[in-house]
Structure formats: structure tokens, C-alpha cells
Amino acid sequence: MQKREQGKSGGASGGGSAPSAKRGRPFGSNNSAAAAAAASADSAAPSTLLGPSLHVHNSFADQNNKRIVLALQSGLKSELTWALNTLTLLSFKEKDDARKDHATPLTKIPGLLDALLQVIDDWRDIALPKELVKKSRVRSLGSNSVVTGFGNEYQALGSTGTLHRPGLVSGTTGTESAQQNGMTKSLFSELWFDEDSLFNLDEEGRAEKQLCAVGVSNIIRNFSFMPDNEMLMAQHRHCLETVFQCIEDHMLEDEELVTNALETIVNLAPLLDLRIFSSSKPSFIKMTEKRAVQAIMGMLESTVKAWHCAAAELLGRLIINPDNEPFLLPFFPKIHKRLIDLISLPALDAQAAAIGALYNLAEVNMDCRLKIASERWAIDRLLKVIKTPHPVPEVCRKAAMILESLVSEPQNRNLLLAYENAFAEILFTDCRYSDTFARILYELTSRPNNKVATARGIWGM
């Protein structure tokens, strides 16, 4: 750990740029110049030109904490909708929002996190392939009553009863006309907002459950940005198991739900210890450390740019904790290969995420540095990022620091000597990284145990 800190402090002296932000993509990581211009224009514009905004009184959450939790636990559509809308409003804030110092922390609401996770668990319990779902049976009990207690009273009354509701066609006539027009959801189109009832397990009920789960994932993601919530969420096993299971099933799950879960893990990564999955804390999903890392690798191998960029950033943050290293070491060959492939992509944010992860991996141990150097095209692509150059100077500085870490291993010197002319070119043409490449050339050519260096060791003089 001391070596990692020394390496990072030494890297800071090599460049004059400020350290990267704790979260989010670095400014300029996308290739849109218009976006940068718009951002600068917004920063200069007065607050009166930003349009109307909705503010909530600071005491609202304190006065309604218990009601919010009970609404989430009730299972009633109207109550659940109100709770989700309220929490979404309370958890979301703009960059310059006046509520930024008065955000509602999750730690002040007892039982809220468990109630939110239960909504996602309820959705995942019914989110099964259709061939595995038990077929629904006809409900005959209470078929003559308006309310049966099973939550599907309108299905029971579809052709025999008459139920007058404003805005809906009622009785047999409504059903027949709907069938003639080819409409299959005539009696359920306004059920979500007009009726305080339970969820059905038909197609529309499943869609409603899925919307609730996606809304909860967005709320949990928003909460993970609050410093007061980080420690609680990073030590909450049920929360971590739920978000890791969502990204593990990314091929079958809703894309927005997967994205929110992945961003939640990225926010919590600096405090995340994978050993929590083998701790004595109660487990709900039986997630293991290996399954968690495999889920991250599935995201890293994905073709979705937002997913593999976030996964690369997540791996770079996880490896900072030495306790996570034993679980990541078996996957290092695949991690190195994929990260180097991401450097070759034209997407600038993918390059930034991959460089940031490789920068931290190169500080782990000797084995990582040897594998990175021996990976095909690794040195070429790192040099290309510096020569192009990448629009974010911090990314270029980290690429140069990776090369300096690689040359510190004697076994890598023969591989890097082939790029001596490229290193010398950057040394004399780019003053920003001249100190770093001077140290690289010194390491390459001034060692007495290097047979080639005895004849070419001019850089160490």
C-alpha cells in the first residue's frame, strides 16, 4: 500500500494538473465541442435565466418519514406511486441546487433502504421466463362481488357484471366493443391512477411492477451520491446483493435498471469491500465474491459504451482496496486485455476510463506490470493517447505514468527498448511530459545489468 501511495505522489509531481474528481467522467471526455461551449455558457448565465425550478421544504421529509416507509411497504399502487415520486424529488438535485446542503440522507429514515429494496425484490420474483411462470387459475370465490380481495375484480366482472367507472366503458357492451376493435387492455388502461388496488400478475401488472423497480433503482442511485449515505450503503449486504444481481442478469433485465445499479456500485466502490459477501451479515440472494467480479466482467465485455466505461472505472476503484485484490487477481489477464482494447476505441470517455483503471492496476504488484507490458499493442496504444493527444491532460499524464511503472520492472526493459526513439521524440517535443520520459529513458539505458544499455546509455549521462 505504501508503494501505491508513493507511486501516486510521484506521479503528481510529474504533472501540474489537479487530481481527478471523485465521481463522474472527467470534463472533456466526450468529443462534443458544442457540449463544452454550452457548459461554459450556462456557468456564465445568471440564475434567473435557468427557468423555473421546484423546491421542497426541508422539513417535509422529517415530517413524513414514517409515512413514506409505510407507503412503500403497503403494496398499494397509489401509495407506492406517491412514495416513489416523493423520494425521486427529494433525492434529485441539480449541480447548483439550493437544496444541496439540505439533502435528505438515507441514514435519517429508519427502514427506508430495506423498503426500497423490497420493491426491486418483488419485481425480480415475478420477472421469470413465461414458460417457468405458474399459469393463472380462474378465481371463482367472490365472483358476484365488486371487490374480491384478489386484486383482479375487473377480470372476474369482465362479461357478467356491471361496474360503472368514469372514463371507462362498462359492462358487456364495453368488452364486446373492445374485442371488435382489437383492443386487449380496455378495462386496465386507467387502473394505475384511478384505483387504489393491488398489482395483478398479468402483462400490465408486470409492466407496472417493472416501472416501480426502475424508479426505485433511480432513487437508490441518487442516494449513493450523498456522502452521508455512502458508508451505510457500502456496508448493507442486501443492497449490494441486489445491485450486483441486477448487473449479473443484464441480458434479461431492463437496461435502465441495470445502468442505475451499475452507477450505484461505481459510487460506492471506494468504500466497497467484497468480503462482505462472505461475512456473517444476513444474506438474501447468496451472492459471492466470485459472482460479483464475474458480474463486473460481464459489464466490461458489454458492447454498450455506458456499461463498459462504468465497469472499467469500477475496477480501477475496487483495486485501490488491497482486501479486494485476491478476488480480482484471477481475472487480471482478461481485465488487461479488455482495457487495452478499450484504449483503441474512438470514444474518448472509454479511453479515459481504461487509462484510469490501468493506472491503478499498474500500481498493484509486479505481476500486473509484467502482464500489461507483454500485452500486444499495449505500449503502442498508450503512446497514441499521448501523441494524439487526448483532450484531457490528466489522461495523458496517467498514460505516461503507466509507462514509467512498466519500465521499473527489469523484465520489461527489453520490450520497452524498442520504443526508445518514440520516448525520445516525446521528451524533446512535449515539455508537459518531458520529466516523465526522461526518467523512463534513464531507467532503460543506465542500468549496468542491461547489456544493450552499455553501448547506448547516453540518456543516463
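## An aromatic cluster

Which residues form one aromatic cluster here? They are Tyr419, Phe423 and Phe437. Keep in mind that this is a predicted model, where local features need pLDDT of at least 70, side-chain atom pairs count only at pLDDT 80 or more, and totals for chains, interfaces and linings use all residues. Residues are numbered from 1 along each chain as its sequence is written, and side-chain values use heavy atoms, with hydrogens and water left out.

A search of the whole structure turns up 3 aromatic pairs (rings of Phe, Tyr and Trp, taking the six-membered ring of Trp, pair if their centres lie within 6.5 Å; planes under 30 degrees apart are stacked, over 60 edge-to-face, and the rest tilted). Take Phe423 and Phe437: their ring centres are 5.7 Å apart and their planes sit at 45 degrees, so this pair is tilted. Phe423 is in helix H22 (residues 420-429) and Phe437 in helix H23 (residues 434-445), so the pair ties together parts 14 residues apart in sequence. Helices here are DSSP runs of H or I with at least four residues, strands are runs of E with at least two, and both are numbered from the N terminus.

Phe423 is buried, at 0% relative accessibility, and Phe437 is buried at 0% too. Buried means under 20% relative accessible area, exposed means over 50%, and partly exposed is in between (1.4 Å probe, protein chains only).

## Salt bridges

The whole structure holds 17 salt bridges (a side-chain nitrogen of Lys or Arg within 4 Å of a carboxyl oxygen of Asp or Glu). In one of them, Asp249 meets Arg124, with the closest N and O atoms 2.2 Å apart. Asp249 lies in the loop between helix H11 (237-248) and helix H12 (255-268), while Arg124 is in helix H5 (residues 112-126), so this bridge ties together parts 125 residues apart in sequence. Asp249 is partly exposed at 24% relative accessibility, whereas Arg124 is buried at 15%.

Arg317 is buried at 10% relative accessibility, and Glu313 is buried at 14%.

## A charge over a ring

Over at Trp82, the charged end of Arg67 sits over the ring, 3.9 Å from its centre (the rule: NZ of Lys or CZ of Arg within 6 Å of the ring centre and within 35 degrees of the ring normal).
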